[in-house]
Amino acid sequence: MSEIPTNNQGSSGVSLPGDARNRPAVVVTGASEGIGLAIAHRFAAGTGYPVVMIARRAPPLEAAAREVAERSNVETIALPLDITAPDAADTIETALRTRGLHAEILINNAGVGLGGDFARHDEADIADLLDLNVRALSLLTRRFLPGMIERARGSIINIASLGGFAPGPYQAAYYASKAYVVSLTRALASEVGGTGVRVVVVAPGPVSTQFHARMGADHALYRYLMPALSAQAVANATWRGWKLGFRVIHPGPLTPLTSLMMRVTPWLVLVPIVGWLLGKRLGR
Ligand SMILES: NC(=O)c1ccc[n+]([C@@H]2O[C@H](COP(=O)([O-])OP(=O)(O)OC[C@H]3O[C@@H](n4cnc5c(N)ncnc54)[C@H](OP(=O)(O)O)[C@@H]3O)[C@@H](O)[C@H]2O)c1
């Protein structure tokens, strides 16, 4: 398998017929599992475009890319890459260009959480979270947005969280990073108005993936009280919301109401409630 494998039903990779140059592609970060993989499936099936799937660990990513290619009969490119690397945007651009592709839809999904007391976090973990959730997302957006504006078409879909609407004691840096994503997206959506380009934010509540276990939050109270959506439900809602032209997408039946409550409740009241849900632990 080549360093950047292509799974293409019916085509053999980089050699392209002349009229197929500069084809639109979907780029999904964090696409080897969880929400990113479900979104890769949904957008592959919905658009029929080649899908560039990015994550750090090659074996699960390549398996995921094969799965998407087989199910939707689209070309998939597994690009093993740490998107916090300084040259990550260059690497993605090169992977696209060598295949005659451009980023028609960029889905900034890769993200990490960090649970517990902020004062006890490793400084390196805070830096890693900011690098991924804030810096990489911003720089990939900056890299691919001008091409979209020039072509007068394209979309950037940023995966934030309900946590982007309130301060989150015991997940303080994570919630703050998602507030940045919500704010950045809303501002850019306004800046690109009338250009033919859309910048969209998705704000799911809890979703059943490995995400919560990875940040040590699987036994926090919210995991017991708040029903979790499937990654597939989030992907379907993202697809529907994007097709309908929404700027902010709240997947699931309860999320729009929860989001509204979070935005209208004074922080004096809201923040202790969020802190109780995130900080109180059951079981281990
Ligand atoms: N799960 C939830 O309850 C929930 C709720 C609201 C919002 N979200 C947001 O949804 C997004 C996806 O969450 P998820 O639950 O699907 O997470 P997940 O199951 O932990 O998957 C994370 C994905 O990101 C990849 N990734 C992590 N660090 C990376 C890096 N530096 N460079 C490239 N890829 C990287 C991982 O693969 P590698 O480890 O191989 O790199 C994996 O494919 C995140 O932004 C998260 O904040 C999740």
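A polar contact is taken here as a pair of N or O atoms within 3.5 Å; within protein, one must be able to donate a hydrogen and the other to accept it, and residues adjacent in sequence count only if both atoms are side-chain atoms. The structure is a predicted model, in which local features need pLDDT of at least 70 and side-chain atom pairs count only at pLDDT 80 or more, whereas totals for chains, interfaces and linings use all residues. Residues are numbered from 1 along each chain as its sequence is written, and side-chain values use heavy atoms, with hydrogens and water left out.

By this criterion, a polar side-chain atom of Y174 is placed 2.7 Å from an oxygen atom of the ligand, and one of R56 lies 2.8 Å from a ligand oxygen atom. In the side chain of T209, an N or O atom is 2.5 Å from an oxygen atom of the ligand. Of the 890 Å² of accessible area that the ligand has on its own, the protein covers 96% (Shrake-Rupley method, 1.4 Å probe; for residues, only the protein chains shown count as cover).

Around the ligand there are 30 residues, of which S32, N109, T209, H212 and R214 come nearest (a residue is near if one of its heavy atoms lies within 4 Å). Among the helices (DSSP runs of H or I, at least four residues, numbered from the N terminus), α1 (34–47), α5 (172–191) and α6 (211–214) each supply at least two residues of this shell, and α6 gives the most, with three residues.
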